[in-house]
Amino acid sequence: LKGYTKYFGTKFIWFVITFICAFILNFILPRLMPGDPVAAIVARFAQGATNATGVQAIYQRYTELFGTNRPMIEQFFIYVRNVFQGDFGYSIAQYPRTVADVLKSSIWWTMCLQFPAIIVGWMIGNTLGVLAAYLRKGFDRVLMPISIFLSNLPAFGMAVILLVVFAVGLKWFPTSGGYGYDMIPNFSWSFIWSVIVHYQLPFWSIVLINIGGQAIGMRSMSIYELNADYVKYARFLGIKDWKIIGYVFRNAMLPQVTGLALSIGTMITGALVAEIIFSYPGLGTTILSAVLGGDYPLISATTLILSLMVLVATFLIEILYGFIDPRIKAAQSD
Amino acid sequence: MKHLLQQVFRSPKFLVGFGIFMAMLLLVIIYPLFITNPPLEILSQGTFLPPGIYVSVYDSIDASTRYTLLLDDAAAKRIASKLGDDDRLAMQEWLLAVGVSENEIDLQDTAKLLEQWENHYDPAAKIPGMTNAKRNYYIRLDVSLDGLLSTEGAIIAKNNAQTGSLEQKEIIEQTDYVNINQVPNVRVLPLGTDNFGRDVLTELVKATGVSLVIGFVAGTIATLIGLILGLLAGYIGDVVDDGIMFLTNLFTVIPGFVLLILISFSIGQEQRGAVTIAVVIGFTSWVWTARAVRAQVISLRNRDHVNLSKLSGHSIFHIIITDILPYIASYVVMALILQISLGILAEAGLSILGLGPKTTEVPTLGLMMNWAMIYQAQILGKWWAYFPVIVTIALISFSMNLMNTGLDQVFNPALRE
């Protein structure tokens, strides 16, 4: 592991740099736009409020929180300090809950839904892709059109179709939510079962969406690998088919891992929209309700958390890549 | 060039994709010429009218000529429409509950079933375990069954203004028909109406047009930015390359969609027109093009003809235009096609989050989806409000991807099968 220090070091520095940039963008973009964010917040709060001193207090609270009356650079440091203390202010639409509180309850739903779904979809897609490349003929003929169809369907389209078929039509699964609407989260079996049942449709819609694109990519990578000399040689030696598939899989997988690192952001954000279709209590639904409620602090915090999620995921995949790519291993031992 | 085009149009994949795309484009252009209703006109009271032909009841009663058709199955159809299989099963349930034995009930013998129903149904009766909703359902069913087997006509009466009493005007026999062409007010709603009571088909055609424009604007901007940055980074290299690559790597990891959410929300509801959204999408999705163009340019940079051009003292601009651009033109076209379809998808995703273009002026595919979802069309089973939208989006992206694959096979001989 010692030899990896340099590789991990560069990756980590890169991670920190991107995080700082994402952080700055998250801070600066809304402030570049016309209009005072604090005024917008107070306008939302003060709708129908008759208590002038109350409105004034809200205005002051948020002016202090964002420090909008101070120079930009000072505002930035106030923002940094607040964020690192986990203080994103109060949510407007869900007052008196704090933004941190809202996010705390929704982020786990998103993480537990999306990362397993993306990984499972990626694995199934890649396996199918290798098989399609190796078996060709019938399997390929059936799989490819399906994959092309799947990869062209937007994530929310897949979600709606699954919802209509399996929840509304066949009534096998509930239509919305993360658990039964008549339940209070606890550790009883009935609650866990309810969570599992509600999990299925959002999970499979994300899995299915990801299978298509991965299968197509993996198929062409594998076809390329299958024409390589080592495969011909292995066949010549009479090595068993499944073993050759294993070799091809390992070689063709490397670019797919890189691909995963590059596209995980797109995958996660696409799946957010699928969450909305199922009213799954994750970040997607949080964004929707924040947008509908004009909840400025919540949106800004959610985008920050999302960026962080994507950055960490990318970082982890790159670390993983370091371990599985023999070329990097070789380069490190020099 | 001509040869290349010929080759492109001989690729079956490209042709299919091109055909689908052109058909949609033509529909978007031609449809408004024939059906001139404003796309966002609110037609109906109430939401989600099912697809079909709507005939004015008043006009058809009032129709000048009424025809008599003697159709054998008219009565059977009439009964079937009032008394479906579910209703029959529900009636059986009631009859069983009040103590009629099962072998006495014949679900297919309508006359007997109705007779049994009339004898045994009692709205006041309390059946143990029956919900209120179910009880109300039986009351409605009973009302709708009233007079189902009668062969008499319906009487049209008019209110006499002087006496205040109803006077019989005419009788409509069960065998009376009107010709739909003679009814002045008929409206065809092939896809019904949406949650606001607007004609879904007209709206969908308009929305497809707007979404294509959004995709085109976003795709063009993204491709232009990507192309310029890619050319600069690839050809000039050194510090410029480092700078641009830093930017590119940065925006590969920071998801464009998150930036899109942030920017769209910050712009505010008022300023968010369709074009604004398109521009914002364009400015957040150039990364892939820049990366790919750069890679291509680097592989071209040291070719002989480029070096020759350099030796001849041509300017960088000239070299890029005449010696590099033609080689990557095919790639750029493909990237543009892909960016257009990605732009349409991005708009749809953004609109579902509620961050789409301002809602009152133009529909877009994403907005239609957003409206359908907010009004829970998917749970209410109003498929016409969302399914055509999904199909349209899928078709657009499918046709563009097909065109792309076709082009890829023409330009990269290695991929030909």
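A crossing of two helices is called left-handed if the near helix is turned anticlockwise from the far one by less than a right angle, and right-handed if clockwise. Helices here are DSSP runs (H or I, at least four residues), numbered from the N terminus.

Colleagues, this is a predicted model, in which local features need pLDDT of at least 70 and side-chain atom pairs count only at pLDDT 80 or more, while totals for chains, interfaces and linings use all residues. Residues are numbered from 1 along each chain as its sequence is written, chains are lettered from A in the order in which they are written, and side-chain values use heavy atoms, with hydrogens and water left out.

I begin within chain B. There, α8(B) passes α14(B) in a right-handed crossing. The residues of this contact comprise 19 nonpolar, seven polar and one charged; Ala, Val, Leu, Ile, Met, Phe, Trp, Tyr, Cys and Pro count as nonpolar, Asp, Glu, Lys and Arg as charged, and the others, Gly among them, as polar.

I turn now to the interface. Chain A brings 44 residues to the contact and chain B 39, where contact means heavy atoms within 4.5 Å. How much area is buried between chain A and chain B? The figure is about 3,700 Å², with 84% given by carbon and sulfur atoms; buried area is the accessible area (1.4 Å probe) that two parts lose on being put together, summed over both. On the side of chain A, the residues losing the most area to chain B are A:Asn152, A:Phe156 and A:Leu262, together 16% of what that side buries.

Finally, zero salt bridges are found across this interface, a salt bridge being a side-chain nitrogen of Lys or Arg within 4 Å of a carboxyl oxygen of Asp or Glu.

Methods. Helix = DSSP H or I, 4+ residues; strand = E, 2+ residues; numbered from the N terminus.
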